[in-house]
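Take each task in turn, try it yourself, and then read the worked solution.

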Amino acid sequence: MEIIEYIQLVFSDYTLRTITLGTAVLGAVTGMLGSFAVLRKESLLGDAISHAALPGIAIAFLITGSKDTNILLIGALVSGLIGTLWIRGITSKTHLKSDTALGLILSLFFGFGMLLLTYIQKQPNANQAGLDKYLFGQAATLVESDVWLMTFVTGLCLLVLLLFWKEFKILLFDKDYAQTLGFNTKFIDILITSFIVLAIVLGLQTVGVVLMSAMLLAPAAAARQWTNSLGKMVFLAAILGGSAGVFGTAISATQNNLSTGPVIVLVASVFVLFSFIFSPKRGLLFKRIRLIKNRNDLELQKTLAFMYHIVEDHDDTSHPHTIRMLNNFQGYSRKGLRKLVDKNYVEVEGGMWSMTSKGFKAAENLYNQNGKND
Amino acid sequence: MEKIAVKVDDLTVAYNYKPVLWDIDLKIPEGVLMAIVGPNGAGKSTLIKAILGILKPIAGSVTIFDKPYKSQRKHVAYVPQKGSVDWDFPTTALDVVMMGTYGSLGWIKRPGIKEKKRALEALEKVGMLSFKNRQISQLSGGQQQRIFLARALVQDASIYFMDEPFQGVDATTEVAIINILKELRKAGKTVVVVHHDLQTVPEYFDWVTFLNVKKIATGPVKDIFNDDNLTKTYGINYKVSIQK
């Protein structure tokens with residue numbers, strides 16, 4: 001399918017439009033909130049919350065017998081919040097570290113949820129089919145009202161972020177200090193965690209329990225590579241999350257039998273991979289290039305310094321010397337000598353080299369600079 | 001008699017049944033530059049954190065200028081240990097110093113031009129003005145410590161609590177920091193510092209508290225900084241040559 005054709009289809013086809021909008025909004029809100037989770041080193045919190053939501057969905061179905069999304073998601077919200085509170089309780093009341101607490105709650109709630117799901121599936125009730133879609137998500141079931149709900153929560157989240165921006169920032173950076181300034185850190189903490197839980201629950205229908213945490217982490221981890229400002233990071237994470245939703249939906253809609261949720265997560269992962277390699281400041285590629293460049297520069301400086309030592313004993317600093325004597329020096333290479341010639345620091349003529357006045361000055365500066373740094 | 005800046009009564013703190021601070025009574029007069037010394041695990045940082053309400057004590061009370069600490073937060077500034085935060089956090093030196101203004105701003109209100117000016121002044125005081133836009137992970141340990149100090153200076157408090165401000169800094173930074181602390185004392189502020197280097201106590205401080213779970217002694221350096229108290233605190237026969 002042509003790209004233009006696809007874009008036209010997004011605008012004309014109700015289902016495709018709903019899914020595209022829904023996944024874009026979902027990606028944006030999870031990206032935003034994910035930045036906070038990542039910076040608090042609570043990356044796994046999202047995973048624990050989404051798994052903890054599963055028994056809530058099952059119990060909501062058992063009680064009401066209804067498969068209405070909103071009712072099931074309220075169940076998910078309640079059990080997700082209970083899971084979060086237990087994690088907080090375990091870490092503050094026992095010796096256990098937070099990773100242990102997260103792992104415990106995640107497996108406990110998920111195990112219980114799976115147990116309930118299998119129990120429900122054995123019921124002689126024709127209505128029970130399809131609950132397992134919350135495991136891996138099914139974007140095709142999104143309807144317009146779902147998108148409105150997501151948009152409302154995203155707007156609310158944005159408002160709270162803008163209002164409490166400085167409170168969130170100081171809580172993330174230095175919680176104890178924030179407390180001495182008189183801020184109720186518990187309140188800020190609960191506020192941000194509640195929104196994370198809410199965003200995760202909203203995404204369960206689309207992406208599912210198992211992969212939901214990737215929506216939270218991937219855009220934030222990718223965004224962190226490109227900027228050193230919290231504001232820009234949150235903004236960029238929202239953009240990346242939204243794009244992952246749009247592109248993921250497009251790929252899954254144009255290829256047969258590709259489930260939307262996993263494709264979105266894969267697109268987000270590609271963003272992460274790309275950012276880890278290509279970001280100019282923190283990326284692996286440019287780090288490597290900088291390392292090699294620095295090493296070459298240093299070799300060059302060492303060669304120049306060695307030449308300077310030979311030259312400085314002579315009255316005429318441009319007096320030629322044989323290239324062979326450079327072979328005694330470890331850092332010497334033909335390539336290095338060529339570079340020095342290119343820079344007009346050295347002149348080479350028939351197996352002899354001589355230092356230019358420009359090279360002599362550069363070598364002198366080298367020493368002055370080193371002296372200053374000591 | 002001089003005014004008492006900080007008064008601690010019967011303060012007891014425990015982690016899981018093990019007492020870390022036991023029945024501490026402490027009076028810190030206004031305008032002193034005081035070191036808290038003691039061996040590792042003596043509860044020095046814990047004492048500061050308990051005074052500031054970061055840790056909940058089992059028993060005891062803290063008053064600042066004769067009023068409960070909670071109503072006096074504006075008079076108190078805190079410099080945490082440098083290692084207590086993640087310096088890879090995406091923000092700049094200036095932004096961290098600005099956090100010192102958040103307390104006086106209160107909820108929701110954002111820092112403006114006035115707050116920025118105060119932060120820049122503090123940065124200049126600690127000699128870090130040219131680093132204001134530097135990403136904090138790009139700062140050296142000594143520079144990070146200066147940033148923390150600047151953040152506390154911005155608070156313009158009467159009492160400063162500092163948790164090991166000399167830890168891992170070079171000689172130049174140490175001199176710069178102690179000069180600022182002495183300036184604070186000259187301006188009538190009270191400064192309480194968790195300190196490790198016993199040799200520099202007589203040179204830097206005029207008041208000292210010996211702590212090892214219990215309070216061993218507190219008073220002017222010239223009166224109580226002696227081998228007897230050092231031995232009681234550190235449990236070994238400690239001898240320092242004190243320049244009086």
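Two strands pair if DSSP finds at least two bridges between them; helices (H or I, at least four residues) and strands (E, at least two) are DSSP runs, numbered from the N terminus. Residues are numbered from 1 along each chain as its sequence is written, and chains are lettered from A, with ligands numbered from 1, in the order in which they are written. The model is predicted, so local features need pLDDT of at least 70 and side-chain atom pairs count only at pLDDT 80 or more, while totals for chains, interfaces and linings use all residues, and side-chain values use heavy atoms, with hydrogens and water left out.

**Exercise 1.** Find the residue that stands opposite T63(B) in β5(B), and describe the hairpin there.

*Solution.* Begin with β4(B), which pairs with strand β5 (residues 67-68) of chain B in the antiparallel sense over two bridges. Within this pair, T63(B) faces P68(B). Two residues lie between β4(B) and β5(B) in the hairpin, and F65(B) in the turn has a positive phi of about 50 degrees. Now look at another partner: strand β1 (residues 4-15) of chain B runs antiparallel to strand β4 (residues 59-64) of chain B, joined by five bridges. There, D9(B) is opposite S61(B).

**Exercise 2.** In which order do the six strands of the open sheet in chain B lie?

*Solution.* Reading across, the order is β6-β7-β8-β3-β9-β10, with mixed pairing. The edges are β6 (76-79) and β10 (214-220) of chain B, each of which pairs on one side only. Neighbouring strands here are turned by 15 degrees against each other on average, direction ignored; axes are lines fitted to C-alpha atoms, for helices over the stretch in contact, and angles run from 0 to 180 degrees between N-to-C directions. For a parallel pair, take β3 (residues 33-37) and β8 (residues 190-194) of chain B, which share four bridges. Finally, helix α5 (residues 141-154) of chain B lies across β6 and β7 (159-163), running at about 170 degrees to β6(B).

**Exercise 3.** Which strands of chain A form the open sheet of three strands, and which helix packs on the sheet?

*Solution.* The strands follow the order β1-β3-β2 with antiparallel pairing. At the edges are β1 (321-322) and β2 (346-349) of chain A. Two bridges link β1(A) to β3 (residues 352-355) of chain A, and W353(A) is the bridge partner of H321(A). Helix α14 (residues 284-311) of chain A touches β1, β2 and β3, its direction making about 85 degrees with that of β3(A).

**Exercise 4.** How many residues of chain B are in contact with chain A, and what area do the chains bury between them?

*Solution.* Count contacts (heavy atoms within 4.5 Å): 33 residues of chain B touch 30 residues of chain A. Next comes buried area, the accessible area (1.4 Å probe) that two parts lose on being put together, summed over both. The two chains bury about 2800 Å², 61% of it on carbon and sulfur atoms. F89(B), P90(B) and W107(B) supply 26% of the area that chain B buries against chain A, more than any other three residues. Last, look for salt bridges (a side-chain nitrogen of Lys or Arg within 4 Å of a carboxyl oxygen of Asp or Glu): the rule finds five across this interface. R282(A) and D88(B) also meet in a salt bridge, at 2.9 Å from N to O.
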